[in-house]
Amino acid sequence: MKILLFSCMMTLLTMKRTLDLALSLTVPQGEDVYKGVPKDYTGDNVTVDNVLAVILGNRSAITGGSGKVVDSGPNDHIFIYYTDHGGPGVLGMPTFPYLYSDDLIDTLKKKHASGTYKSLVFYLEACESGSIFEGLLPEGLNIYATTAANAEESSWGTYCPEEDPSPPPEYDTCLGDLYSVAWMEDSEKNNLREESLHQQYELVKKRTANPNSAYGSHVMQFGDIGLSQEKLFLYIGTNPNNDNHSVIDDNSLAPMSSHAVNQRDADLLHFWHKFRKAPEGSSRKREAQKQFLDAISHREHIDNSMKHIGQLLFGIEKATRVLQTIRPTGQPLVDDWSCLKKLVRTFETHCGSLSQYGMKHMRSIANICNAGITKEQMAEAATQACDRVPSNPWSSLHKGFSA
């Protein structure tokens, strides 16, 4: 059994792991079992190149970190859990560039061709996470993937400030996500020697949809669906204390809060609560206010710039329709991934960083590619649309390009 946990704050690679570690990061008033656990890749060492090299087991391609990779063989079952911000066709990283669908799928195909696993399960938490696999992950690779959302919707944060239950008062952020909390809490409760991947998928799908609220997403599954009949124990182990528990198809876990937070607004919630809690007239309050206003300014700049570029390229009447086009189910986001990455860099060169919030516009940039727009045409439009770039950390390119 090989287990990989990738998160937006750090990358964790372990060969053996208890479920409690993940749970401690997402449950209000949870017991701290994180302290003392080795982290193999953190901060600037969490890069696209390192993540893909870890999956492939390619030690020579690793830069920094512990150097550990998935040194798997033909009889191994691999479990990958990846959580971060996302957008159509792209996954966020704590470094730049971001991870794009084509690069991830190519890596999974190489992993399969190397004959170094028996089966692989991939759980993915991100906005528009369905777009990472839709039309791209073929059957026959012995890979089963589930995602927190479909290809065109956000995922949602939970256990947020002012929810019930809420995080400890010293936290100004959401502790988890609907999808991730759902599969982790289900795994903690049930006998994973008996519960199948399919049973967990159905329970998580129901709970993440959050039927008692307008806030929820559609959990999806991709790849070799037949693998979902296998037991969870093969991939993530089990808690021996649950060996006598029976699997209940009807989810008996508590319903999610009716006040889940759109993941793209999680940073605004964080800054707002910092502002509210800071003493009047304090430097903390002024700093929190500045962070909040900078984030709003960046969002307005990105949204307006993309709208203006669309109008320059396609005309005022057609722009919205072209930029917001959603391809039929089963088709990948874009025909030419190289074009998408080139146009992302072109946009950022003239308009500043997309950042995590701007990943929502990846579909618009993909549609510009699908319409046959060249890099030169994009550059001309971006130059006209972006006569200035806001001077805030969100728009800055000092950390690099998104592609």
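## Overall fold

The model is predicted, so to speak of local features a pLDDT of at least 70 is needed, side-chain atom pairs count only at pLDDT 80 or more, and totals for chains, interfaces and linings use all residues. Residues are numbered from 1 along each chain as its sequence is written, and side-chain values use heavy atoms, with hydrogens and water left out.

The protein has 14 helices and 13 strands, taken as DSSP runs numbered from the N terminus (helices H or I, at least four residues; strands E, at least two). Of its 403 residues, 55% are buried, meaning under 20% relative accessible area with a 1.4 Å probe, protein chains only.

Let's turn to an open sheet of 3 strands, ordered β5-β6-β7 with antiparallel pairing; two strands pair if DSSP finds at least two bridges between them. β5 (86-87) and β7 (99-100) are at the edges with a single partner strand each, so one side of each has no neighbour in the sheet.

Strand β6 (residues 90-91) joins β7 through 2 bridges in the antiparallel sense, and L91 lies opposite L99 in β7.

## Nonpolar cores

A nonpolar core is a set of buried Ala, Val, Leu, Ile, Met, Phe, Trp, Tyr and Cys residues joined through side-chain atoms within 4.5 Å. The largest one holds 65 residues, and L104, F122, F133, I309 and L340 have the most contacts inside it. Helix α11 (residues 337-351) contributes the most to this core, with 7 residues.

Leaving aside residues up to four places away in sequence, L340 touches Y100, L333, V334, M362, I365, A366 and C369. A second, separate core of 19 residues includes Y123, Y144, W183 and Y201.

Terms used
Buried < 20%, exposed > 50% of the residue type's maximum accessible area, 1.4 Å probe, protein only. Contact = heavy atoms within 4.5 Å.
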